[in-house]
Each structure stands twice: as structure tokens, then as C-alpha cells.
Amino acid sequence: MSSMRQLFFIEPGRLEWRQVPVPVLSASTDAIVRPLAVARCDLDYHIVTGRVPFPGPFAFGHEMVGEVIEAGDAAGVTPGMRVIVPFQLSCGRCDNCRRGWTNSCSAFPPYASYGLAAGSRHEFGGGFADAVHVPFADHMLVRVPDSIGDEIAANLSDNIADGWRAVAGPLSARPGASVLVVGGLAQSVGLYSAAAAVALKAGRVVYLDDDAEQRARAVALGADALPLALADRHAARDQFDIVVEAAGDAAALGFAIQSTAANGVLTVVSIHLARTTPVPLQQAYYKGITIHTGRVQSRAVLSDVVQCVACGALRPAPVTHRIAHFAEAADAMDSRGPKIVFLP
Ligand SMILES: [Zn+2]
Ligand SMILES: [Zn+2]
């Protein structure tokens, strides 16, 4: 076999299967992985629906779990192993990787990711394919415990890890703290934050969203859920120690700041797409809150997240709204709901 199928994003509303060369090992630390499940990332949804203007064509799909089918002598894995492929490429050797900044590894161009060549400006291939090339596999690949199924393992490579990082650090510094998630644009990441907060024993977990189905999912994850209702109010009824803003608009960001308690921590996991976004910084100053935004350190947090799912504390399954097959991927990628997972 010298060529294989690969799904490409062409333009909003249009995905297309094309033939591409089969990836090959080029270093002793390389591995080739056959995807076993690929999930739609929250960003993917906004790319295919045109809200995020990424120019095609590029290979699509970056939340994935797979089976090693080939490995170099120093890849640290062997054929047959089930592995999570972190969506960001990183080497594990450079200064940034050593600091845990695997989202900006010096060995790769900025934003290096699978399935997002419009961002990284380099094509690393995508998950909707028969095989994916993994460099630095000894560092990159994370083995999947038998207790975690493919349909969950796929989401771990990006969105579950993303939801996790928004609450895990703040909760370990302040065990039992209260957590508020302002839901919206980053549909699954917000829900995964709520699930992670429940798993990590936050004192109280409240999820806000105007979408009743999203609220029902949050309740299934163990959180309290209420409408966001931004038109009616500027802050939550209570102040929260830890706040996650997943809504992606200026009013929601202001609401999140107003709802963060003095000396609290706010993590903005959504991408604010406007060129500039007004921020009520005076409020943040007087309350002394810490505001963090930026891309997840996918590989760096993955081991802890996998462990938390494997031990049964973190139960992300209610977030998945649909399981489909690769053959449906071109048509079903805009499926309404927070998380669709595709099996080959
Ligand atoms: Zn993603
Ligand atoms: Zn690196």
C-alpha cells in the first residue's frame, strides 16, 4: 500500500476524502499509528461551520487514539499498543518541553498540531486517515489503560485535557474550592471542566449555559446547572474561587470576571475571535484575580488526566452526543451537540 485515504477540510461545509502517500518511519524514535477513534474538537466544529476562518485545504482531525502499527527501535512503543496521540507535536527534549510547555516545543513550528495546518502552516497529517506519522513517539505517545474505551480515549488528546487544566492546578492549590463554568463556544471543553472539577472534589460546581441540552449534560456529569442569561445579569449570584470561561464572547468574559471571588483564578479556555476584546480590568485589579488564557499543554497534562479517567473519578462519557463512522465524517462533522466521535 503506497497511498491511503485522508479527509481534508476544503472550505466551510465541505470536507473531502483524498489519496495521500502512506507515512513512513524516518527516525528511530518515530512510530506509525492507525487511528481507532477520532473525535471532533470544539475548534473543528467552528472551522467546518465557518465561524473560525481557516483556509483549506488541509488534513483534518486531531483528537485521536490509535494502535501502533510500526515503530522505530527507540520509539518506546511496539506494534499493537493502544496509544493516545496528543494533538500538539512536541519533542520532550527541548527547554520548553522540559518546563511542561509542550504547546510551544522548539523542535516544531509554532502551533504545530495534527489536523490544523492552517494554523501551524505545516502539514503533519490528520486523524481521519489510515495512518498517522508520530515523531518523538517515545515522548509523545501515552498508553491507554484497558479500562478506557476508544471513544473516550480520543477526546483525551485535546478537549478533556483542556477542560482539566482549567481546574486541576487551581484546585490542587485550593482543595475544595468552588468552581463556576461559563459555557458556550467551547462546547465540550466547558463540560469537561465541570466533570474534572467534580472528579477533583471541588466544593461546589456550577455550570451556566443557555442551551438546555448542555445543562442536562452538566447535571449528568455531577454539576449544578443554570441558564447563563447574560441579558439579565452581569455576575453570578455567588462569587466563585475558580472560574472557567468557555463562552467565547466579551459579555461572558466580563461576567466571568465579575463572578470570580477576590484572589480567585479565572481561566479563559475559549478563543476570543474578535481582534480586540474589552476586559473589565479594574474589577479584576481590585479583586486581585489571576487571569490565564492560552492553549492547553496537551502532552504535559495527559498522564494525570488519563490516570483520573482510568481510576473512575473523571467520567466524561455524558459529553459525547453521537458515535459515527469515518464514512459519515464528511457529512456529520457539523452535527449539533458537543462531541461526535468517529470510528474507522
Ligand atoms: Zn482541538
Ligand atoms: Zn520540545
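**Helix α9, the zinc site and the fold**

Colleague: Which elements cover the buried residues of α9?

Modeller: Here cover is judged by contact, meaning heavy atoms within 4.5 Å, and buried means under 20% relative accessible area (exposed is over 50%, partly exposed in between; 1.4 Å probe, protein chains only). Helices are DSSP runs of H or I with at least four residues, strands are E runs of at least two, and both are numbered from the N terminus. The cover includes β9 (178-182), β10 (204-208), β12 (240-245), β13 (260-268), α10 (281-287) and β14 (290-293).

Colleague: What kind of model is this?

Modeller: Residues are numbered from 1 along each chain as its sequence is written, while chains are lettered from A and ligands numbered from 1 in the order in which they are written. Side-chain values use heavy atoms, leaving out hydrogens and water; local features need pLDDT of at least 70, side-chain atom pairs count only at pLDDT 80 or more, and totals for chains, interfaces and linings use all residues, for this is a predicted model.

Colleague: How many residues of α9 are buried?

Modeller: Helix α9 spans residues 250-259. Among its buried residues are Leu253, Phe255 and Ile257.

Colleague: Which residues are the protein donors of the zinc ion (ligand 2)?

Modeller: Donors are N, O and S atoms within 2.8 Å of the metal (3.2 Å for Na, K and Ca); water is not among the atoms, so sites may look incomplete. The donors here follow the spacing C-x2-C-x2-C-x7-C along the chain, and Cys91 and Cys97 are both buried. Lying 2.3 to 2.4 Å from the zinc ion, the SG atoms belong to Cys91, Cys94, Cys97 and Cys105.

Colleague: What is the geometry of that zinc site?

Modeller: Four donors count as tetrahedral if all angles lie between 85 and 135 degrees. Among the four donor atoms of the zinc ion (ligand 2) the angles are 98 to 119 degrees, and the site is tetrahedral.

Colleague: Which residue in β2 does Ser3 stand opposite?

Modeller: Strand β1 covers residues 3-11 and runs antiparallel to β2. Opposite Ser3 stands Pro21.

Notes. Tetrahedral: all angles 85-135°; square planar, octahedral: opposite > 155°, others 65-115°. Pairing = 2+ DSSP bridges.
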